[in-house]
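I open this notebook to record what I looked up in one structure. The entries cover nonpolar cores, salt bridges, a surface patch and a strand pair.

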Amino acid sequence: MEQEEPQLVDVVGYTAAWVELLPEQERAPWRLTLSWLLECRYEMDGDPADLEAAIAEFARLPVDTPGRAKLAAVLLADLVDTLRPEHEPSVTLAMSLAEVVRADPAPLPGSLEACAVVRAMDLTVAGQHGRPGFSPQAALAELDELAAVVGDLEPHRFIVDSTRLAMNHVLSRTSGDHALADRLVADMARVRDGLPAGSSQAADFDFMTRLLDVYARTTRDDVPGAIRALDELIAMKDRLAADDPMRTQLDDVRTALAPLLGLMGDGDGTAGRPAGAEYGPDALAALRRLADAPGLGPFERALRLGTSALAKAGAAAVDPALLDEAVAELTAAVELSPEHDVRGPFYRFQLGHTRLLRYDASGQPSDLVAGIAELERARAAMGTSVHRHWTLASMQLARAYRAAGRDAQARDTALGGLRGHAWGVLLQADPSAAEAAARSAANDAIATARWCAADGLPEPAARALDMGRGLILHAATERRAIPERLAELGQPELVERWRQAVAEAGAEAAPVRLRHHVMSVLAGIPVDADGAVLDSPAAASARLLDPPDTHEIRAALRALGMDALVYLVPGGAGDGFAVVLPADEPAVTLALPGLTAVPAGFASGRTRDLAREPGREMVARGRLGLDDVCDWAWQAAIGPLLEHGLPAVGAGGGPPRVVLIPMRELTAVPWHAARRTVAGEHRYALEQAVFSYAPSARLLCDAAWAPDVPLDDTALVLGDPATTTAADLPAARAEALAVHEAFYGRGVYLGRTATGQPAPAGAGTRREVLDRLLDGTAGTVLHLACHGVTGQGDGGRAGAGESSYLALAGGDRLSAEELVGALAARAPGPVGLSVLAACNSSVSGRGLDEAFSLATALLAGGSRTVVGTLWSVPDAPTSALMFMFHHYLRREGGRPLDALHRAQLWMIAKDRKIPEGMPESLRTAVEGRRAAIDAWAGFVHTGR
């Protein structure tokens, strides 16, 4: 080497001299040689200047120079080894070499693989810097092709896979797909685990995996989880050497994120903060120093300025002067952000929002005007209402319009923004992700409805309310029979791709881009060949994203024989109110000033903390708060509604028949048991009207238009399966046996017999119940008398799997989530009636307004009618009620709603007659006295 190097230096010098001496038309071969010699010297001594000089000489070659494409391949191979996507000029240069290589009809071995790597890095640059025309969906489709080119060649495959992670991250930032963010963490962890332990690459990927975990949890509003993830990320510092540069990165991450999560935690009522979460002057100054660090490009500086401004806006409650600094920083971030930066619309949104905060603090009209202008620009930059932040920006803009007296614009903007909630939920892969996407839907819907009601517009108010109700159920319903729907839309290729993906991995694990593409097509949203959205859902078929209009609701009410649909809205920012949609009259709003907080003893959930249990103590505990809430319910809502909002007589000549859709905490109240005192005795609401409940108008209409399933004596009856984890339910077992024997002679009985042994047809395991539902052998009626368990609080928050479940034989569980998924994936024979005589079966475990429960899971799965419970019902009286329900249904030919209504009236009657067929064990629970309120009021009807 020591002897050859001086000789090569001489040859390079001689060749360079010859190039300068020759006429221009004769220089090409010599310049080609000079470029190759410089490349050789670079290979020997590794001096980047030699490679730079070699590429410069190559750039001067005429395009028809023989050997030019081969030399380009050699230079590209060298450049790939040092290429970094953060250095955009080098990537641009490499792309120009790759273009020459790809034009070679006989490329050198390995050169096309190098071209694929360069293109992958170029896509990373395009995604980071917002190149015009960039689409993450198109980039991901191209990466599939690049992966096929590189095969298993390393490090090429590693680079392509890493780029795919980056593109999915870009997509998650704009699409709002929470499951995608979670999957990104898992994919990053798999790449990390495949790297040599202790390598710098493994450390980098460990850092990125943990950072993405913080991001994923934040997208779900899981602030406690994000705080834990950040603390774990910062703890990496303890394992690093004192001179490791990653220590500085970790310090910067803590400086940037800890104050923001601390603010989010404060606003969320979260206990605890991440290390370093203080957001006083020192922390805010540190954030600004990060933004002013030397050597930052405009993209990174804009990001850091936006972070600093966000923290200052959050801390402005203590020091309003910080809003001036936040406005200045966001203005700079907007100016620095490249035109097509995916974060650009959010910077504009932040700027508009911060100006409005300053308007609230100072009352300066200029801030209101400027804030509206920035929010309008932000929405325009987002492009379509499928953008992750569309609804957030729309609601903020609507509030600004309202403040400016532009009420009509406010209503229209808010209603358009609410469509984004439906799309966001439809996009998700699983109920937990859908719950996170729907978390703010009800509050936004109520705020919009309150404006509409104040403006004397009940029909838009009803529309707004329904746009925030039952979105997870709506998504589950719309996912039924996806292949058939795609086929109807003339998409045979998409049908095949979807069927294959579901067969390989299941619907929840289908590829993200395919799922997005399928849901866009089903919604009628124009997409390109890669599935990227080309237009707003405003151009879509409204049925998938919008609730039914009032004409359809009225038609559905008439089809179901109901007189009115009533939304009950609790007070908060204003008085409570009701929106009444009669079947044959104009809609009205009814002010209900007393409809505020549900009595605390009931709202605490103490009526729902027990599984269906025998025993006097359990019954007493289960009644806590019920008397108070039923008295309050009459005064706050039902009394005024029956006196002023509904006719005294229904269209059929009997009592009015009402479908209720209560909002927020009102969903837990048994409105049909609202009561007043007349002549010293309680009179209940169900003595004056017939009440049904609906998760939403969408599902009400679905039930109305579904083909009827005539009920017969075929049924699947489940009685007190031996769970091994919960107490026996002797009355539930007697109930199930009596119902099966008296009313469903051709039905199947699962569970335990009177002697405690497993029934011949089965013990009542999860598999036995699910198989009967899915293969169509459940019959027309499903009756489940067993334990039901519903999660308290926020249910499936932060990715929890089960929100509610039935406890079955052998310790098995059948969850609402599994029911929804299984019934959506397969088209079972329809069940006409499902009776869930299990505790809490109508209680949502995924947010009150989502109404996602065991009962509604069956409704979304195709059951025409469902009867479920609102709390832990007492074992023995419940069994008598259920026997009477089936008696009125089968012996007297009543519809399910009327059968339940009559059975509940029977429970409170003084002189009720007990039918001869009722077993003695059930008679003793109700004989000789009116039933306690907790024994009957917890049962509610939904559906047909």
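**Entry 1: nonpolar cores**

I began with the largest nonpolar core, which has 81 residues; L568, W632, W671, F885 and W936 touch the most other members. I took a nonpolar core as a set of buried Ala, Val, Leu, Ile, Met, Phe, Trp, Tyr and Cys residues joined through side-chain atoms within 4.5 Å. Buried here means under 20% relative accessible area, exposed means over 50%, and partly exposed lies in between (1.4 Å probe, protein chains only). Helix α31 (residues 626-645) supplies the largest share of this core, with eleven residues. I noted that helices (H or I, at least four residues) and strands (E, at least two) are DSSP runs, numbered from the N terminus.

I recorded a second, separate core of 63 residues, with I482, M519, L522 and L859 among them. In soluble globular proteins, nonpolar side chains tend to be buried together.

I then listed the contacts of F885 (contact: heavy atoms within 4.5 Å). With neighbours within four places in sequence set aside, F885 is in contact with L833, V835, V867, P896, A899, L900 and A903.

**Entry 2: basis of the values**

The model is predicted, and I kept its limits in view: local features need pLDDT of at least 70 and side-chain atom pairs count only at pLDDT 80 or more, while totals for chains, interfaces and linings use all residues. Residues are numbered from 1 along each chain as its sequence is written, and side-chain values use heavy atoms, with hydrogens and water left out.

**Entry 3: salt bridges**

How many salt bridges does a search of the whole structure find? I noted 52, a salt bridge being a side-chain nitrogen of Lys or Arg within 4 Å of a carboxyl oxygen of Asp or Glu. Side chains of opposite charge can pair when their charged atoms come close.

I looked up D161 and R164, whose side chains meet in a salt bridge at 3.1 Å, N to O. Both residues lie in helix α8 (residues 156-175), three residues apart, about one turn of the helix. D161 is partly exposed at 26% relative accessible area, and R164 is partly exposed at 22%. These two residues also belong to a network of salt bridges that links D144, D152, R157, D161 and R164.

I next took E325 and K312, which form a salt bridge at 3.0 Å, N to O. E325 lies in helix α15 (residues 322-336) and K312 in helix α14 (residues 298-315), so the pair ties together parts that are 13 residues apart in sequence. Is K312 buried or exposed? K312 is buried, with a relative accessible area of 4%, whereas E325 is partly exposed at 39%.

D708 is exposed, with a relative accessible area of 53%.

**Entry 4: strand pair**

I found that strands β2 (residues 576-582) and β3 (residues 588-592) pair in the antiparallel sense over five bridges; pairing requires that DSSP finds at least two bridges between two strands. V579 has T589 in β3 as its bridge partner. A hairpin of five residues joins β2 to β3.
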